[in-house]
Amino acid sequence: MLGNFTYSNPTKLYFGENALDNLASELNNYGKSILLVYGGGSIKKNGIYDKVIKILHSCGKEVFEDGGVMPNPTSEKLYEGCERARKGKVDLILAVGGGSVCDYAKAVSVSTYCDDDPWDKYYLRMEEVDNKIIPVGCVLTMVGTGSEMNGGSVITNHSQKLKIGHVFGDNVFPKFSILNPVFTYTLPKYQMVAGFFDIMSHILEQYFSGDDDNTSDYLMEGLLKSLIHSSKIAVENPKDYEARSNIMWIATWALNTLVAKGKTTDWMVHMIGQSVGAYTDATHGMTLAAVSIPYYKFIMPYGLQKFKRYAINVWDVAPDGKTDEQIADEGLARMEQYMKQLGLVMSIKELGVTEDMLDGIADGSFIMDGGYKVLNHDDIVEILKESM
Ligand code: NZQ
Ligand code: ZN
């Protein structure tokens, strides 16, 4: 049975090879002052920066730049961005980059006019926004997070060794997002496949939970099958437009709030992965890849029927003559094999985790209660040991 819910997604999407042509008309909806937010320089190398600047100038905008947003953006950087946005009295924050840039833009959007410390208010105390919000627009260059069409904003505080995501309401979602699959062609393979697994993980976090006869589960099985199919093609040929465009669209649907509606969700892989990220600053998708198989093996006995369904419907495991456990195991074995084929990092040791960090990583993993088993500290340490 579906629970009660409200569904609203105000982000306007422009998708395809000519999507950037729509930027000028969107910019006309906002005032003169624009904060252009971007990362460590990829957009300058691949020409996207020049294209965007040209459009901004042709629209007569005054541009304040805020570059250097790092993967896993930090609270220190957030304070800096707020200062810039305040000085420029900006009317729109234009994020040109991946999830980190887009998440950061949302954080600046809600924090610039916040009287409190934004890290404490939004990330530690998880309070709602009660001050002016600066609108955000996005030109996406990296596929995976779904940040282009959701309210998620993940910030890392290195001194507190915490990486925390706040899921803001739809008043913080990007007002528009421009999705051109070709803009993602220059991603290094490591980032590309990390993004692919981030998508898979988002779907699985919502799939392995709330097991009524739920339309969302059928939608997710379709998204997973399409992702597995297209990602195998993209790994062989990163410039296959059909595969890359399908994956870009799957990423958006995986986390634009639709498939979670009316059901409970888990998110424990993300909680552990984010804590690994807080300790190592590793690439988000790789932190998820390294802990997923040990986590799913750990919880499988508590959600056996769903793991069986997953094996049959997603990984085409033939059920005949096998026990439920054998079917479920075979599903996870096929998933593991696929992950290796993509070239994902399968061990947290490889991401820089050492034995002495395990207790701290477990402490920094927020415990969620929507999955098949509510973990305790020792369970997480055990999963982390298996992930080494
Ligand atoms: O910084 P630049 O130079 O741009 O390089 C980036 C960065 O090094 C590079 N890159 C991006 N587009 C490129 C490119 N390089 C060449 N060509 C391009 N077209 O890729 C690297 C990674 O970028 P980043 O934005 O960090 O990756 P991603 O999109 O995976 O974002 C990760 C962040 O999003 C958070 C993660 O925790 C992490 O902090 N998440 C946000 C979510 C949300 N908003 O809902 C949910 C996710 O689960 C996730 O937690
Ligand atoms: Zn993720």
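Is R86 buried, partly exposed or exposed? R86 counts as partly exposed because its relative accessibility is 36%. Here buried means under 20% relative accessible area, exposed means over 50%, and partly exposed lies in between, using a 1.4 Å probe and protein chains only.

Before we go further, a word on what you are looking at. This is a predicted model, in which local features need pLDDT of at least 70 and side-chain atom pairs count only at pLDDT 80 or more, while totals for chains, interfaces and linings use all residues. Residues are numbered from 1 along each chain as its sequence is written, chains are lettered from A and ligands numbered from 1 in the order in which they are written, and side-chain values use heavy atoms, with hydrogens and water left out.

Let us stay with R86 for a moment. R86 forms a salt bridge with E83, and their closest N and O atoms are 3.2 Å apart. A salt bridge is a side-chain nitrogen of Lys or Arg within 4 Å of a carboxyl oxygen of Asp or Glu. The two residues sit in helix α4 (residues 75-87), and because they are three residues apart there, about one helical turn separates E83 from R86. Helices (H or I, at least four residues) and strands (E, at least two) are DSSP runs, numbered from the N terminus. E83 is partly exposed, with a relative accessible area of 38%.

By this rule, the count comes to 20 salt bridges. One of them joins R334 and E330, with the closest N and O atoms 3.1 Å apart. These two are four residues apart in helix α13 (residues 324-342), so about one helical turn lies between R334 and E330. R334 counts as partly exposed at 28% relative accessibility, and E330 counts as partly exposed at 24%. Salt bridges can also share partners: in this way D116, K121, R125, E127 and D130 are joined into one network.

Now find D217 and K263, whose side chains meet in a salt bridge (3.5 Å, N to O). This pair links distant parts of the chain: D217 is in helix α8 (residues 215-236), whereas K263 is in the loop between α9 (241-254) and α10 (268-280), 46 residues apart. D217 counts as buried because its relative accessibility is 0%, and K263 counts as buried at 10%.

D198 and H202 are four residues apart in helix α7 (residues 189-207), so they are separated by about one helical turn. Both D198 and H202 are buried.

Patches are made of residues with over 30% relative accessible area and no salt bridge; like charges are joined within 9 Å, and nonpolar side chains (Val, Leu, Ile, Met, Phe, Trp, Tyr) within 5 Å. Accessible areas come from the Shrake-Rupley method with a 1.4 Å probe, and for residues only the protein chains shown count as cover.

A negative surface patch is formed by D359, D363, D378, E382 and E386. Lys and Arg count as positive and Asp and Glu as negative, while His and the chain ends are not counted; the place of a charge is taken as NZ of Lys, CZ of Arg, CG of Asp or CD of Glu. Helices α14 (358-363) and α15 (377-387) each supply at least two residues of this patch, and the largest share, three residues, comes from α15. E386 is found in helix α15 and is exposed, with a relative accessible area of 61%.

A nonpolar surface patch of about 280 Å² is made by L2, F5 and Y7. Y7 has its place in the segment before β1 (12-15) and counts as partly exposed at 35% relative accessibility.

Finally, visit two loops. M70 lies in the loop between β3 (62-66) and α4, and M70 is partly exposed, with a relative accessible area of 27%. S147 lies in the loop between β5 (136-140) and β6 (152-157), and S147 counts as buried at 1% relative accessibility.
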